[in-house]
Amino acid sequence: MKTTENQQAVIPYLILNDAVSFLDFTIKVFGAEIKSIHYREDKKTIMHAEISISGSMIMFAQATEEYQAQTAGLFIYVKDADTTFECALKNEAKVIMNLEDKEYGRSGGIQDQSGNTWWIPSLL
């Protein structure tokens with residue numbers, strides 16, 4: 001199997017109730033880079049978007065009647081879990097699991113406005 005250049009073999013594809021807020025959240029909290037974005041005819045509704053966070057791709061789109069919302073649990077390594085966790089909370093995330101020192105490093109969990117859960121451990 002051959003993937004498109006610079007893509008991993010498995011890519012999360014999220015269908016979201018508020019794709020624009022998700023995009024904004026990932027940029028502010030995780031430094032996401034927009035790789036591709038396509039809008040519906042209204043020029044506001046995201047029909048398909050691709051972002052990269054530290055080299056990992058996530059694809060997503062706005063939910064419709066035909067394609068209902070499908071959120072995910074995402075595990076994302078960061079340099080500083082405390083800083084990222086606080087940034088997420090400042091950007092309307094809810095705490096799922098408080099930050100704690102675990103055997104695998106400092107880690108916590110949040111839920112974004114779209115209902116995705118992000119598990120945020122610091123890189124060891």
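Colleague: How many bridges join strand 3 to strand 4?

Modeller: In this predicted model, residues are numbered from 1 along each chain as its sequence is written. Local features need pLDDT of at least 70, side-chain atom pairs count only at pLDDT 80 or more, and totals for chains, interfaces and linings use all residues; side-chain values use heavy atoms, with hydrogens and water left out. Strands (E, at least two residues) and helices (H or I, at least four) are DSSP runs numbered from the N terminus, and two strands pair if DSSP finds at least two bridges between them. Strand 4 (residues 56–62) runs antiparallel to strand 3, and the number of bridges joining them is 5.

Colleague: Which residue of strand 4 stands opposite Ile 53?

Modeller: Strand 3 and strand 4 form a hairpin with 2 residues between the strands, where Ser 54 takes a positive phi near 50°. Across from Ile 53, the residue in strand 4 is Ser 56.

Colleague: Which residue in the turn between strand 2 and strand 3 has a positive phi?

Modeller: Strand 2 (residues 33–39) pairs with strand 3 in the antiparallel sense over 6 bridges, and Tyr 39 stands opposite Ile 46. The hairpin of these strands has 6 residues between them, and the turn residue with a positive phi, about 65°, is Lys 43.

Colleague: How many of the 8 residues of strand 3 are buried?

Modeller: Buried means under 20% relative accessible area, exposed over 50%, and partly exposed in between (1.4 Å probe, protein chains only). Strand 3 (residues 46–53) is largely enclosed by the rest of the structure, because its count of buried residues is 7.

Colleague: In what order do the 4 strands of the open sheet lie?

Modeller: The edge strands, each pairing on one side only, are strand 5 (73–75) and strand 6 (94–102). Strand 5 pairs in the parallel sense with strand 8 (residues 117–121) over 3 bridges, and the bridge partner of Leu 74 there is Trp 118. The pairing in this open sheet is mixed, and the order is 5-8-7-6.

Colleague: Is Thr 117 buried or exposed?

Modeller: Thr 117 belongs to strand 8. Leaving aside neighbours within four places in sequence, Thr 117 is in contact (heavy atoms within 4.5 Å) with Ala 72, Gly 73, Leu 74, Ile 96, Ile 110 and Gln 111. With a relative accessible area of 15%, Thr 117 is buried.

Colleague: Which residues of helix 2 make the contact with helix 1?

Modeller: Angles run from 0 to 180 degrees between N-to-C directions, and axes are lines fitted to C-alpha atoms, for helices over the stretch in contact. Helix 1 and helix 2 pack at about 145°, with their axes 9 Å apart. Helix 1 contributes Phe 25, Lys 28, Val 29 and Phe 30, and the residues from helix 2 are Thr 84, Cys 87 and Ala 88.
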